[in-house]
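Visitor: I am new to this structure and would like to learn how to read it. Could you take me through a few features, one at a time?

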Amino acid sequence: MRFILALVIGSLFLITHAREVETRCDTVRACVMFRQGVAEIDSGFSANRQVLDKIRRVLENGSAKRVLIRASASPEGRSDSNKILARHRADALTAYLAGIAPVPSEISDCDTDWSLLYEKVAVSDYGWIREVCDIIKNTPVWVFEGRRVVDSRKRRLMRLDRGNIWNEMAFGFFPSLRYAECCIVTDGTDISGETPLPVQDKKVDKGLIAETNKSETDTCAATSHEPAFETPTYEAIAGEKGSKVFVALKTNMLYDAALVPNIGLEVAFAGSWSLSADWMYAWWSNNASHRFWRVSGGEVELRKWLSIYPPPIFI
């Protein structure tokens, strides 16, 4: 009888102690938002100042035990460039946290957050919700026939309604995908009196995430480069001081064939605009017959790109 009583008391003590240990831990989640194509933390962008101040207070009170970090980039650019950009965003947040307190950190995921895009679209009031959600949930990142890439999730989204739906998502949903998120595990210090952190509203769709992860694993591992049909759009890779300029060096081959050397420079800006400057000069002459072939000229051109797909450069 005494043994049973001691066992019951011991069990109650262990349960109470376990609950006590459990309540000593807490997590604080926060998202730092980024401008398109940028991996440098801007405290003046979005609600970043409030988020960063709160993170600093949590870390400086010594309650943080470890930090988990993940980051995302919007899907306009090439997949490999987006992964690099997302990783740089995670590294930037890691460096910021390390500058406050030496808390062990771990980067868990850096890629386009398709599950968050799915969630944002699913609760919107657009008429194309069903089509977009169906593609995100049921189409792999890459579609293969044998070892050859024949289609992709992004390409199908871009083809909806001649690119109009993609453009609407680029304006309404893609900015929310440009983030670095940290989950700070603390020792349970009470921070209830402080302003709560803005966090990503992530009602996780387990089925979608499983399907997305399966698609990434099954397809990306089979190829080392982008398919030929991938639209050549780029988010500028981090480390360029926020620069998001696409520059093209050109020549007119018809003029070259007519022995009129020429060169041009085109700079894209503001999404679908570009400014182009061209120059040609031929200095040929024939002194014996007093015939001269000298051509020179130039032009400056402002272009607005119109296409059934999104413009080639998103700035």
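Guide: Happy to, and we can start with contacts. A contact means heavy atoms within 4.5 Å. Setting aside neighbours within four places in sequence, Glu106 is in contact with Val67, Leu68 and Ile69. Glu106 belongs to strand β3 (residues 105-110); helices (H or I, at least four residues) and strands (E, at least two) are DSSP runs, numbered from the N terminus.

Visitor: How far apart in space are Glu106 and Arg70?

Guide: Their C-alpha atoms are 8.6 Å apart, while 36 residues separate them in sequence. Two notes on reading such values: this is a predicted model, where local features need pLDDT of at least 70, side-chain atom pairs count only at pLDDT 80 or more, and totals for chains, interfaces and linings use all residues. Residues are numbered from 1 along each chain as its sequence is written, and side-chain values use heavy atoms, with hydrogens and water left out.

Visitor: Is Glu106 buried or partly exposed?

Guide: Buried means under 20% relative accessible area, exposed means over 50%, and partly exposed is in between (1.4 Å probe, protein chains only). Glu106 has 45% relative accessibility, so Glu106 counts as partly exposed. Across the protein chain, buried residues make up 39% of the 315 residues.

Visitor: How many residues of α4 are buried?

Guide: Seven of the nine residues in α4 are buried, which leaves this helix mostly covered. Among them are Trp114, Leu116, Tyr118 and Val121.

Visitor: What lies over the face of Trp114?

Guide: A charge sits over a ring if NZ of Lys or CZ of Arg is within 6 Å of the ring centre and within 35 degrees of the ring normal. Here Arg153 lies over the face of Trp114, at 5.0 Å from the ring centre.

Visitor: How many aromatic pairs are there?

Guide: A pair of aromatic rings is described by the distance of the centres and the angle of the planes. Rings of Phe, Tyr and Trp (its six-membered ring) pair if their centres lie within 6.5 Å; planes under 30 degrees apart count as stacked, over 60 as edge-to-face and the rest as tilted. Searching the whole structure gives four aromatic pairs. In one of them, the ring centres of Tyr126 and Phe173 are 5.7 Å apart and the planes meet at 65°, so this pair is edge-to-face. Tyr126 sits in the loop between α4 (114-122) and α5 (129-138), and Phe173 in the loop between α7 (164-172) and β6 (179-186), so the pair ties together parts 47 residues apart in sequence. Tyr126 is partly exposed at 31% relative accessible area, whereas Phe173 is buried at 8%.

Visitor: How do strands β4 and β5 run relative to each other?

Guide: Two strands pair if DSSP finds at least two bridges between them. Strands β4 (residues 142-145) and β5 (residues 148-152) run antiparallel and are joined by four bridges. Trp142 has Ser152 as its bridge partner, and Glu145 stands opposite Arg148. The two strands form a hairpin with two residues between them, and Gly146 in the turn has a positive phi of about 70°.

Visitor: How many disulfides does the structure hold?

Guide: A disulfide is a pair of cysteine sulfur atoms within 2.5 Å, and the structure holds zero of them. Cys110 is buried at 17% relative accessibility, and Cys133 is buried at 9%.

Visitor: Where does pLDDT stay under 50?

Guide: pLDDT is the predictor's confidence in each residue, from 0 to 100. Where pLDDT is low, the predicted coordinates should not be read in detail. The stretches are residues 190-243 and residues 308-315. The protein chain averages a pLDDT of 75, and 68% of the residues score at least 70.
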